[in-house]
Amino acid sequence: MQTHISLPQLPFPISKFLQRLRLTKKSDRLVIVLVGLPGRGKSFIARKLQNFITWRGSECKVFNVGKYRRQAADGACDADFFDSKNEKAAEVRQKAASLALEDMLRWLDNENGVGNSSSSSKLSSTTAPSVKQTRKDRVSIFDATNSTKERREWVLQECTCRKRRAGKPTGVIFVESICDDEDLLHANFMTKVTNSPDYKDMNVKEGMKDLLSRVKKYEEAYETIEDDTQSYIKIYNLSSKMLVNHIYGRMAKSIVPALMAWNIGTRPVFICRAGQTMNELDRHNSNMVMSRSENLGRQGKMFRDALFSYMQEECLDFISRRQKATFSPSLTTGTSINGMTNKRSLSNPDLSFDNDADEEEEVTEEYVGADGVTPLPFPCHILSSTMPRARQTVEWEGKPYLVEMISNLNPLDKGDFTGHELEDLAVRHPEWYSQLVADPFYTRFPGGECYGDLTSRLESVVVDIEQQVGPVLVISHVSVLQVLVAYFRNTPVENCTSIAIPLNTMLKFTPAKGGGWQESQHRLLSSPHSSVQSDMNSMDNGMYCASAAGTPMTRTPVGSQVDIPNQGGNISPQEGGISPSPIWGDHIRRPSSPHPTPPSGLARHQLPTPPSSWPKAPFQGAGIKSIPKTMPRIPSVNLDD
C-alpha cells in the first residue's frame, strides 16, 4: 500500500527564476562599463581587470574614451570643455564615445580573434588532440565617466539591441567607483595630474586647479546608478565597501572577489621555490627513490636559513617605511592610500592608536606567533604548498609563524605519467607527445592536469595575495610559480612555460603606478653548480637543463635584465640557479646506478628523433642557436618541481 502525502502548493517566483537563469548563462561577449567621476580610480580598475581576466584565459581589451576624445578635439581639453552647457563640446564628447563604442563592438564580434583557440575546449581534452576553435570568449572594458543615466542607457541599448546585434548576444555589467575619502581622492588626483596627457603642458598646481574644476562640472550632472533591473557593482573607496546587484555566473565567481581584493596600498610580495631535497648522488648512495614527500636536504636547509635573514631585513624595512608614511584616515570610510584601515597593531587589530597622539611619536608594533605567545621578529603572511619540502622551507626554529598550507600551490599533477621522463613518453606515447610539442600549455596529462588548469586553482591564491596590506611570502614549485609570475608580470599566461624560476632565488614584486607590479630578483644562496651554469649561460644566455634539453617544455626564458645582488655581480631573470624544464618536476628517473641505461638503446640525454611531420619544438628559434643531440650530464642537479 502506497501512501501519498499532499503538500501545499507554494507560490513560485518564476520571473525571478528566469531572470537568474538568464544572468547565469555564460556569454562569449561581455562588456564591463565603468562609471564614476574623474579621479575615482576607474583606469586603475580597468587595468587590474584586464590583467586578471586575460590571465584567467579570456581575451580582454580596454577602450578608453579619453583617448578618442583627445583625437576628436585635436589635443588636450581644459575644464570648460566638460561643461554640460557647452553644446559644441558635448557633440565632440558624444562623437568620441560613439567611435570608442563602435570599435569595441567590432572587436567583440571579430570571429577570427587574436587567439586561435578556446581555453574551454582545450581544457576538456585529455589524451586526444585538442579541438581548436576560432575564438576565445571576449571581455571589453568601456572606460569613461558614463556619468548620466541617459549615457548608460545608450551604451546598454547599443550593446544589446536585438535587431542590430542579432545572433551576437552580449552581456553588460556596470561597475561604478564611488569615492569620498579625501586622502584617497588627493592621491588619485595627483596621479592623474602627473600622468594624464591632458595636463602634460601644465605644472602640478595648474593641473590640480583645472582637474578640480572639471570634477565640479561633472558633479553638476552626475547621476549614480539606481536602476535595479540592471546588473551593476558599486565599489566604495576602492574596495572598502561593495554593493552587487544581479551579478551571477562567472562574474560572481571570479571578478567580484578580485574587485574586493584590489587596493592601492603598497606591500611586497615574495615568491620563491621550495628548498632543495637531497641531490641525485646522495639519493643513489642512500638507495632511495625520488618522492614527493622528500624532506629538505643540506642545500635546502641552508636556503631556509638564508630566507629567514632576507625576509627579516625586507619586512622590517617595509614596516619602518610604512610607519613613517602612515596617517589616520576618516573612520567613516576606513580607507587609506597605504592599505591600512587605521593606525593599528598588526598583532591586535582591535587596538587602535590615539588619533590625537603626537604624530612624531615612534610606534612600536608587536607580532605574535601562531601559539599566541611567542613574539615574532617581523610580520608576514605565508602561503605554502602541502609538500613537506615547501613547509620545511619556512620552518624557522623558535619562530612559530602561521603558515597557510594549501593544495592549490602543489605542483602540476602529471596523472598517469607521474614518475616518467619526457624522453620515455616521446617513445612510448608519440601521439600525446606531439600534441605536447604543439601546445604545451593546454595539453593535459592523462588523469592529471595541464598548465591551463593551474589558472583555475590559483585564482583564489591571487585574490588572497592581492587583498593583503602587509608582506606576503609564497613558497611553491616551478609549474605553479610560472603561472603566478605570469600574472604579476602581466605577460600572456599561455607563454608561462618559458618563464625561468631560478633555484635559491627570491622574486620580489611591489606595486607600481597604474595597477602593475615592479619585479626584482635576489639570489639568496649561491648555486653549487656555478661552473656548469656558466657554460650553459654562454649559449645566448639561454637557460636550460641538460637532462631536459630538447623537451617541448624547454624554452628560452622571457624577462628583462634586472640588477640583483650576487656577490658583487648581477644576474638576469634567466639566471640565478639551474631552472629545470617547467613540467619536468617529478619526471625523475629512479636510477639503480648513478648512470642508468636509457630506454630503447638511447644514450643518456639523447632525445629520440621526431618524425618530420611533428611541429617544430617551441624552444627552437627562441634564442638557443643549436643544441647538440647528446647533452653532458649535470651532476647532482635536483629536478624537483
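This is a predicted model: local features need pLDDT of at least 70, side-chain atom pairs count only at pLDDT 80 or more; totals for chains, interfaces and linings use all residues.

Colleague: Then what makes the place of Asn245 part of a strand?

Modeller: Asn245 falls in strand S6, which covers residues 241–245.

Colleague: And why is Asn245 called buried?

Modeller: The cut-off for buried is under 20% relative accessible area. Asn245 has 14%, so it counts as buried.

Colleague: How do you know which backbone oxygens make polar contacts with the side chain of Asn245?

Modeller: The limit for a pair of N or O atoms is within 3.5 Å. A polar atom of the Asn245 side chain lies 3.0 Å from the backbone oxygen of Asp228, and for the backbone oxygen of Gln230 the distance is 2.7 Å. Both Asp228 and Gln230 also turn up among the contacts of Asn245 beyond four places in sequence, along with Ser231 and Tyr232.

Colleague: Why is Glu423 called buried?

Modeller: Its relative accessible area is 8%, and the label needs under 20%, so Glu423 is buried. Glu423 belongs to helix H13, residues 422–428.

Colleague: What makes a set of residues a nonpolar core, and which residues have the most contacts inside the largest one?

Modeller: The members must be buried, of the listed nonpolar types, and joined through side-chain atoms within 4.5 Å. The largest core has 75 residues, and those with the most contacts inside it include Ile32, Leu49 and Leu484. Helix H16 (residues 478–489) gives the most to this core, nine residues. Apart from it there's another core, of 28 residues, with Leu307 and Met506 among them.

Colleague: What does Ile32 touch beyond its neighbours in sequence?

Modeller: Its contacts include Leu49, Ile53, Phe142 and Met251.

Colleague: What makes S12 and S14 a pair?

Modeller: Pairing takes at least two bridges. Strand S12 (residues 381–384) and strand S14 (residues 472–476) have four, in the parallel sense, so they pair. In one of the bridges, His381 has Val472 of S14 as its partner.

Colleague: And why are S13 and S16 called edge strands?

Modeller: The open sheet runs S13-S12-S14-S7-S15-S16, with mixed pairing. S13 and S16 each pair on one side only. From one strand to the next, the twist averages 20°. Helix H16 packs on this sheet, touching S7, S14, S15 and S16, and its direction makes about 150° with that of S7.

Key:
Residues are numbered from 1 along each chain as its sequence is written. Side-chain values use heavy atoms; hydrogens and water are left out. Helices (H or I, at least four residues) and strands (E, at least two) are DSSP runs, numbered from the N terminus. Buried means under 20% relative accessible area, exposed over 50%, partly exposed in between (1.4 Å probe, protein chains only). A polar contact is a pair of N or O atoms within 3.5 Å; within protein, one must be able to donate a hydrogen and the other to accept it, and residues adjacent in sequence count only if both atoms are side-chain atoms. Contact means heavy atoms within 4.5 Å. Axes are lines fitted to C-alpha atoms, for helices over the stretch in contact, and angles run from 0 to 180 degrees between N-to-C directions.
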